[in-house]
Amino acid sequence: MSKYSKRDIMKLVEEEDVEFIRLQFTDIHGMFKNVAITSSQLNKALDNRCMFDGSLIDGFVGIEESDLYLYPDYDTLQIFPWRPQQGKVARLICDVHRTNGEAFEGDPRYILKKVIREAQDMGYTFEVGPECEFFLFHTDDSGQPTTTTHEKAGYFDISPVDLGENARRDMVLTLEEMGFEIESSHHEVASGQHEIDFKYDEALTTADNIMTFKLAVRTIAKRHGLHATFMPKPKYGVHGSGMHTNMSLHRDGKNIFNDPSDSAGLSKEAYYFIGGIMKHIRAMTAVTNPIVNSYKRLVPGFEAPVYIAWSAVNRSPLIRIPSNKGEKTRVELRCPDASSNPYLALAVCLAAGLDGIRNQIMPPDSIDRNIFELTEQEREAMGIGMLPGTLIEAVQALEEDLYIQNVLGDHICRRYLEAKKAEWTAYRTQVTSWEIGEYLYKI
């Protein structure tokens with residue numbers, strides 16, 4: 001049941017003096033796109049009559065089938081608090097449809113909604129809470145981003161050491177003004193690194209919120225003369241930025257991952273969900289960790305996961321069970337980063353978990369030791385596999401996993417793989433400053 005009707009939106013836009021409305025949607029790489037209309041065109045937009053050229057959007061359609069329509073989701077209406085108070089700017093997140101009215105199979109939001117429906121058919125509601133990390137860097141004289149920060153703050157530090165505190169506070173206040181419930185915000189481990197956590201919610205709302213969150217954080221950072229980046233590893237030798245993803249399934253308002261009689265507090269469904277993710281995780285990383293730089297973060301020594309294992313008592317494995325139990329029982333997947341498309345990332349997480357439940361895939365025993373301190377022989381004896389070490393390894397894993405390919409659908413999967421292979425080729429053929437420094441003088 002929508003909280004807004006068409007009449008509600010028309011009335012609100014008039015009462016709040018909204019002059020421009022951005023009709024937003026997301027391409028396959030998780031980049032926000034939008035068409036801006038004036039309030040005089042809002043009635044047309046709410047009747048799903050706004051058309052755009054899909055051939056110009058990366059991964060969408062060719063020129064021979066370029067016309068696509070935007071169908072606004074009324075519940076995503078949001079007035080941007082950072083825009084002028086006279087002639088305000090609002091937005092609506094849209095689904096993408098073909099000219100015949102059918103949902104466009106290349107729309108990432110459609111893919112997530114499709115998997116959510118599968119979960120609903122099984123009686124489940126999927127709830128997710130992301131932990132979004134980002135860096136704040138200075139810009140140069142021309143306003144372009146750098147990787148320079150003047151602060152030396154670390155985990156949970158405060159001002160005057162944490163020089164980004166004022167910007168982070170404004171981000172929190174802005175997000176709250178936009179309806180977010182912010183649970184915590186703090187400085188992270190690396191200099192210039194921050195985290196803001198918002199409330200757990202149903203998967204589609206969470207994916208929409210991640211996109212809005214990134215837009216708001218970058219906008220407020222710019223107002224402080226800073227650049228906010230969700231790049232996983234912008235600097236060598238420091239901790240990278242992840243997007244730990246906490247997940248649970250609910251039925252009739254009850255968390256079905258919870259089982260007080262189990263030693264780890266987990267139900268059979270929770271174990272199967274973990275088993276499904278562990279089965280498909282190598283292919284999933286092509287989606288949850290989608291860029292070349294993602295794999296600079298997934299290395300030993302910086303708290304990011306490398307090994308495919310789970311635990312309820314330590315933070316080194318891929319999957320952790322947070323200590324909160326009862327209705328707050330969660331499965332935390334620690335590899336995703338915020339460069340991912342949240343619609344596709346949550347879709348493959350949910351689909352993998354559902355596959356585990358359908359096929360009763362039990363995970364291996366939990367690993368309750370620091371995996372990084374185990375020898376290679378010990379890890380092999382325990383059957384502990386590794387995440388892909390590079391983007392191309394993840395792409396190859398996706399090409400071998402027909403189940404995850406089917407989740408993405410033929411259209412997105414084909415175009416996504418083409419784009420990722422091209423990205424890898426472009427990266428692989430570069431000559432870097434490291435190579436020049438390492439080899440030029442001695443070879």
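Colleague: Is Asp252 buried or exposed in this model?
Modeller: A word first: this model is predicted. Asp252 is found in the loop between β12 and β13 (254-255). Exposed means over 50% relative accessible area, and Asp252 has 75%, so it counts as exposed.

Colleague: What is the phi of Asp252?
Modeller: Most residues other than glycine have a negative phi. Asp252 is not a glycine, yet its phi is positive, at about 55°.

Colleague: Where is Asp17, and what is its phi?
Modeller: Asp17 is found in the loop between α1 (6-15) and β1 (18-26). With 36% relative accessibility, Asp17 counts as partly exposed. Asp17 is a residue other than glycine with a positive phi, near 55°.

Colleague: What kind of aromatic pair do Phe213 and Phe230 form?
Modeller: The ring centres of Phe213 and Phe230 are 6.1 Å apart, and their planes stand at 65°. Planes over 60 degrees apart count as edge-to-face. So the pair of Phe213 and Phe230 is edge-to-face.

Colleague: How many residues apart in sequence are the parts that this pair ties together?
Modeller: Phe213 lies in helix α5 (residues 203-223), while Phe230 is in the loop between β11 (226-229) and β12 (243-251). The pair therefore ties together parts whose separation in sequence is 17 residues.

Colleague: Are Phe213 and Phe230 buried or exposed?
Modeller: The cut-off for buried is under 20% relative accessible area. Phe213 has 0%, and Phe230 has 8%. Phe213 and Phe230 therefore both count as buried.

Colleague: What is the angle between the planes of Trp434 and Tyr439?
Modeller: Trp434 is exposed, at 53% relative accessible area, whereas Tyr439 is partly exposed, at 38%. Their rings form an edge-to-face pair, 5.6 Å centre to centre, and the angle between the planes is 90°.

Colleague: Which residues form one aromatic cluster with Phe213 and Phe230?
Modeller: Phe213 and Phe230 are both members of one aromatic cluster.

Colleague: How many nonpolar residues are in the contact of α10 with α11?
Modeller: Residues of α10 including Leu391, Ile392 and Val395 meet residues of α11, among them Leu408, Tyr416 and Trp424. By class, this contact has 5 charged residues and 1 polar residue, and the nonpolar count is 10.

Colleague: Is the crossing of α5 and α8 left-handed or right-handed?
Modeller: α5 and helix α8 (residues 342-358) pack with their axes 9 Å apart, at an angle of about 150°. In α8, Pro342, Tyr343 and Leu346 meet residues of α5, among them Ala203 and Met211. The crossing of α5 and α8 is right-handed.

Colleague: What separates the C-alpha atoms of Ala270 and Arg369?
Modeller: Ala270 has its place in helix α6 (residues 268-288), and Ala270 is buried, with 0% relative accessible area. Ala270 and Arg369 are 99 residues apart along the chain, and the separation of their C-alpha atoms is 21 Å.

Notes. Residues numbered from 1 in each chain as written. Predicted model: local features only at pLDDT ≥ 70, side-chain atom pairs only at ≥ 80, totals over all residues. Heavy atoms only, no water. Contact = heavy atoms within 4.5 Å. Helix = DSSP H or I, 4+ residues; strand = E, 2+ residues; numbered from the N terminus. Nonpolar A, V, L, I, M, F, W, Y, C, P; charged D, E, K, R; others polar. Phe/Tyr/Trp six-rings, centres within 6.5 Å; stacked < 30°, edge-to-face > 60°. Buried < 20%, exposed > 50% of the residue type's maximum accessible area, 1.4 Å probe, protein only. Axes fitted to C-alpha atoms, helices over the stretch in contact; angles between N-to-C directions. Left-handed = near helix turned anticlockwise from the far one by under 90°.
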